[in-house]
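Here is a short report on a single chain, written for reading beside the sequence and the 3D view. Please keep both open while you go through it.

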Amino acid sequence: MPEPYDVITMGRIGVDLYPLDIGVPLARVETFGKFLGGSPTNVAVAAARLGRRTAVITRTGRDAFGEYLHQELRGFGVDDRWVTEVEEYPTPVTFCEIFPPDDFPLHFYRQPKAPDLEIHPPELDLDAVRDARIFWMTGTGLSAEPSRAATLAALQARSGSARSESPAPEFRTTTVFDLDWRPMFWDGGDHSSVAPARYREALAHATVAVGNIDECEIATGEREPHAAARALLAAGVELAVVKQGPKGVLAVHRDGSTADVEPLPVEVVNGLGAGDAFGGALCHGLLAGWDIARIMRYANAAGAIVASRIACSSAMPFPDEVERALAEGAVTEAIAAGPSGAAS
């Protein structure tokens with residue numbers, strides 16, 4: 001029997017075209033960098049950077065950008081065997097604008113439909129999904145068919161074995177729901193009438209939920225962090241992680257343990273991708289069996305490092321960088337510059 005993956009993620013993939021000019025409106029940008037993108041794909045990259053065996057379930061167009069994404073995944077050490085092509089739709093492209101410290105508008109080009117929403121249930125390797133130590137899915141995967149049916153099929157394949165009744169589980173088999181609220185992908189946008197129900201359906205199969213305040217509100221109707229965490233636990237998860245931006249992160253476990261961790265000081269260059277680095281580090285800590293306070297500190301540090309860099313996927317930190325940031329109590333200029341001495 002093949003060795004189970006540490007982490008399998010499922011959902012968005014695309015090409016990020018990020019300006020190399022900081023503080024410049026998109027209309028005036030002259031130079032862009034091209035990067036692998038898509039939140040769950042970046043989570044797989046982040047976990048791979050930390051030494052985990054990872055794979056992605058997603059789809060691209062049958063085009064040059066799709067070929068590029070395969071090349072990048074392999075280069076990052078992420079298994080691309082379940083990244084397949086869709087003839088009808090082009091590989092998505094995403095542009096951003098960079099206005100530090102907290103304004104990073106995204107411009108998604110996913111029309112007429114993104115290939116990653118064309119994942120069909122019969123295409124899934126449910127044995128691999130079931131056996132993975134962590135399975136990571138996102139709210140975007142619930143926004144359209146057949147992706148929604150495929151995501152629920154994967155969740156249902158895991159839900160019988162993913163839960164633990166132990167008061168102090170070692171998180172050896174975990175299903176993570178990244179709440180990942182992107183209203184532009186849903187019919188009705190911010191006023192979508194179906195999103196909350198679809199989120200609740202998925203939460204019933206997850207063991208960990210991760211989201212910021214806006215995402216928690218879509219999933220639970222609650223914006224106050226502790227109330228949102230309690231609502232996520234009531235919806236069925238064992239661990240609720242509420243990200244609060246500059247206020248840090250709150251994690252509450254069903255066993256009563258809580259961690260309220262402040263952010264690591266950092267000079268933000270591009271906040272996009274920080275959440276994906278946080279996710280990969282969260283997976284790493286869960287797999288290692290750390291207590292939730294240690295996991296949150298580590299994940300916060302990983303996210304802060306990526307926020308200090310322009311790129312997302314190629315900016316994901318290595319273990320020694322995260323440990324150095326934790327030891328120094330901040331993301332210094334030297335850490336932000338990366339192992340090569342140049343900003344990633």
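## Aromatic residues and the strands around them

Y199 has a relative accessibility of 0%, so Y199 counts as buried. The model is predicted.

Y199 has an aromatic partner, W186. The two rings form a tilted pair, 6.1 Å centre to centre, with 45 degrees between the planes. The pair links distant parts of the chain: W186 sits in the loop between strand 10 and helix 5, Y199 in helix 5, and 13 residues separate them. W186 counts as buried because its relative accessibility is 4%. Both residues belong to one aromatic cluster, made up of F177, W181, W186 and Y199.

How many aromatic pairs does the structure hold? The count is ten. One of them joins F108 and F185. Their ring centres are 4.9 Å apart and their planes stand at 75 degrees, so this pair is edge-to-face. It also connects distant parts of the chain. F108 is in strand 8, while F185 is in the loop between strand 10 (174–178) and helix 5 (195–203), 77 residues apart. F185 is buried, at 15%. The cut-off explains the two labels: buried means under 20% relative accessible area.

The two pairs can be set out as follows.

| Pair | Centre to centre | Angle between planes | Type |
|---|---|---|---|
| F108 and F185 | 4.9 Å | 75 degrees | edge-to-face |
| W186 and Y199 | 6.1 Å | 45 degrees | tilted |

The loop between strand 10 and helix 5 also holds D180. This residue is not a glycine, yet its phi is positive, at about 40 degrees. Most residues other than glycine have a negative phi, and most peptide bonds are trans. D180 counts as buried because its relative accessible area is 3%.

Strand 10 pairs with strand 11 in the parallel sense, over three bridges. In strand 11, V210 is the bridge partner of D178. Strand 11 (residues 208–212) is mostly covered, with four of its five residues buried.

What is the strand order of the open sheet of four strands? The order is 3-2-7-8, and the pairing is mixed. Strand 3 (32–37) and strand 8 (106–109) stand at the edges. Each has a single partner strand, so one side of each is left without a neighbour in the sheet. From one strand to the next, the twist averages 25 degrees.

Strand 2 (residues 14–19) and strand 7 (residues 93–96) pair in the parallel sense, with three bridges between them. In strand 7, F95 stands opposite L17. Helix 2 (residues 64–75) lies across strand 2, strand 3 and strand 7. Helix 2 runs at about 70 degrees to strand 3.

### Cis peptide bonds

Two peptide bonds deserve a look. The bond from P100 to P101 is cis, with omega near 10 degrees. P101 is found in the loop between strand 7 and strand 8. The bond joining E145 and P146 is also cis, with omega about 0 degrees. P146 lies in the loop between strand 9 (134–138) and helix 4 (147–159).

### Cysteines

How many disulfides does a search of the whole structure find? It finds zero. A disulfide is a covalent bond between the sulfur atoms of two cysteines. The cut-off for a disulfide is 2.5 Å between the sulfur atoms. Both C216 and C283 count as buried, because C216 has 0% relative accessibility and C283 has 0% as well.

### Confidence

The chain averages a pLDDT of 94, and 94% of the residues score at least 70. One stretch stands apart: over residues 162–171, pLDDT stays under 50. The model has 23 contacts beyond four places in sequence for residues 162–171. Where pLDDT is low, the predicted coordinates should not be read in detail.

Terms used. Residues numbered from 1 in each chain as written. Predicted model: local features only at pLDDT ≥ 70, side-chain atom pairs only at ≥ 80, totals over all residues. Heavy atoms only, no water. pLDDT = per-residue confidence, 0-100. Contact = heavy atoms within 4.5 Å. Buried < 20%, exposed > 50% of the residue type's maximum accessible area, 1.4 Å probe, protein only. Pairing = 2+ DSSP bridges. Helix = DSSP H or I, 4+ residues; strand = E, 2+ residues; numbered from the N terminus. Axes fitted to C-alpha atoms, helices over the stretch in contact; angles between N-to-C directions. Phe/Tyr/Trp six-rings, centres within 6.5 Å; stacked < 30°, edge-to-face > 60°.
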